[in-house]
Amino acid sequence: MRIIQGKRGRTVSRSGQRRMLLVSTNYAPEHAGIGPYATQIAEHWADLGHETHVLAGMPHYPAWSLEPEYKGAFQRTEQRAGVTVHRRAHTVPPRQTAVKRALFEGSILLHGAVAPPRMPKPDAVLAQMPSLAGGVLAARLAARWKVPYIPVVQDLMGAAAAQSGISGGDKAAAIAGRAEAYALKRATLVGVIHETFVDRVVGMGVDPGKIRLVPNWSHVPVPTKPRGETRHHLGWAPGETVVLHSGNMGLKQGLEVLVGAARLDPSVRFVLMGDGSQRATLSDLAADVPNLDIIPPAADGEFPDILAAADVLAVTQHAAVLDMSVPSKLTSYFQTGRPVVASVAAEGGTAQEVERSGAGVLVPPEDPEALLKAVRALAEDPEGADALGAAGPRHVAAHLSREAGLARIDALIDEALGGPRP
């Protein structure tokens with residue numbers, strides 16, 4: 001193994017401009033997960049002329065390691081692209097257990113409660129969930145100011161604890177579920193990124209009439225470099241089949257299936273690009289697998305070109321993961337025009353998104369042989385693989401553009417502030 005290191009809806013005072021607070025533990029310079037979505041929402045508001053504040057944690061994801069320039073910082077306020085970012089320190093567990101995750105969430109909640117952002121009263125508070133602590137903080141701040149509170153559910157942490165295989169998950173699921181219910185039941189409106197989340201959110205006591213579907217969007221640009229040029233730079237041979245997984249290396253991803261598939265066929269190169277709590281474990285597991293590479297996250301400018309240079313893009317989840325998460329990587333995958341192989345439960349939200357896009361194939365989760373069979377079939381039919389991949393950009397243009405995604409968020413805020421339901 002090789003390791004390479006306009007404004008719509010109700011207006012307010014200040015000539016139609018708003019003062020907004022976004023609560024999101026993850027924010028730029030984090031480039032994976034929900035951080036890019038939080039960043040693009042806040043910067044969009046700032047571009048519209050709104051006074052925009054963000055209550056965030058210290059940058060640590062997906063490596064689960066504090067960015068060097070933030071080490072030792074307890075609080076920090078910074079300006080980023082017209083946005084005032086109020087950062088608060090918290091624990092950063094390099095390995096995930098229920099206890100360590102609880103300490104992480106608890107430290108976010110405690111620090112945010114004793115040191116809320118110093119800012120005038122906002123017009124509304126939007127929260128990205130997870131984290132749980134961020135949702136609770138946003139609910140409490142909105143109640144204190146008596147302004148609308150709108151959480152957007154990106155992942156369901158109670159279900160995640162139960163389905164991801166984290167140590168101590170059953171107890172963690174119960175505690176997380178109560179915290180989620182507290183945060184969601186106090187919302188003016190609740191946004192969910194996928195319809196499979198709705199039943200669980202309703203089960204927490206949320207009025208179905210308050211739930212709105214606000215899917216994520218593709219937050220990366222289209223590839224610009226020739227595939228061959230990028231492959232040469234990465235050391236991928238022209239005739240070599242390359243399967244790439246990009247993003248977080250956590251428990252719920254079940255990336256062991258890619259290690260297993262790599263063992264079955266040394267002629268296929270498997271690449272894990274990213275970081276996460278399971279990176280070291282995967283490195284140890286694949287120590288004797290020469291055709292599996294682990295490489296660091298790509299720079300933002302290189303990311304879409306590297307995805308496009310692969311032959312197949314992989315998304316994997318444990319079989320138990322059903323209705324708690326839809327990987328944000330899919331919106332990036334679809335943008336690049338390469339076929340997707342999804343090793344996920346057929347009844348889950350991730351499978352629904354792949355089928356809806358028409359840009360990929362499904363295989364049973366945790367089944368290396370089935371995954372490898374799908375990869376070989378695509379490699380043997382390059383025209384068919386190209387046609388399958390070409391459906392991705394069409395799906396993005398029709399449903400997952402940044403403009404459409406941000407418009408949905410704007411409509412959610414407008415409605416919470418008394419405007420018409422779109």
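Biologist: By class, how many nonpolar, polar and charged residues does the lining of the largest cavity have?

Modeller: The model is a predicted one. Its largest cavity has a volume of about 90 Å³ and is lined by 13 residues. By class, that lining has 6 nonpolar, 6 polar and 1 charged residues.

Biologist: Which residues lie nearest the centre of the largest cavity?

Modeller: Strand S3 (51-56), helix H2 (98-114) and helix H3 (132-145) each supply at least two residues of the lining. Those that lie nearest the centre of the largest cavity are Leu55, Ala56, Gly57, Ile108 and Leu137.

Biologist: Which element gives the largest share of the lining of the second largest cavity?

Modeller: About 40 Å³ of space lies in the second largest cavity. The residues that line the second largest cavity are Gly112, Ala113, Pro116, Leu137, Arg140, Leu141 and Arg144. H2 and H3 are the elements that give two or more residues to this lining. The largest share, 4 residues, comes from H3.

Biologist: Is leucine 371 buried or exposed?

Modeller: Leucine 371 has its place in helix H13 (residues 368-380). Leaving aside residues up to four places away in sequence, leucine 371 touches Val257, Leu258, Ala261, Phe270, Thr316, Val341, Ser343 and Val363. Because the relative accessible area of leucine 371 is 1% and the cut-off is under 20%, leucine 371 is classed as buried.

Biologist: How far apart in space are leucine 371 and aspartate 410?

Modeller: In sequence, leucine 371 and aspartate 410 are 39 residues apart. In space, C-alpha to C-alpha, their separation is 40 Å.

Terms used: Residues numbered from 1 in each chain as written. Predicted model: local features only at pLDDT ≥ 70, side-chain atom pairs only at ≥ 80, totals over all residues. Heavy atoms only, no water. 1 Å grid on protein atoms, 1.4 Å probe; cavity = no way out; pocket = protein on both sides within 12 Å on 5 of 7 lines; lining within 4 Å. Points joined across faces, edges and corners; volume = space filled by probe spheres on them. Nonpolar A, V, L, I, M, F, W, Y, C, P; charged D, E, K, R; others polar. Buried < 20%, exposed > 50% of the residue type's maximum accessible area, 1.4 Å probe, protein only. Contact = heavy atoms within 4.5 Å.
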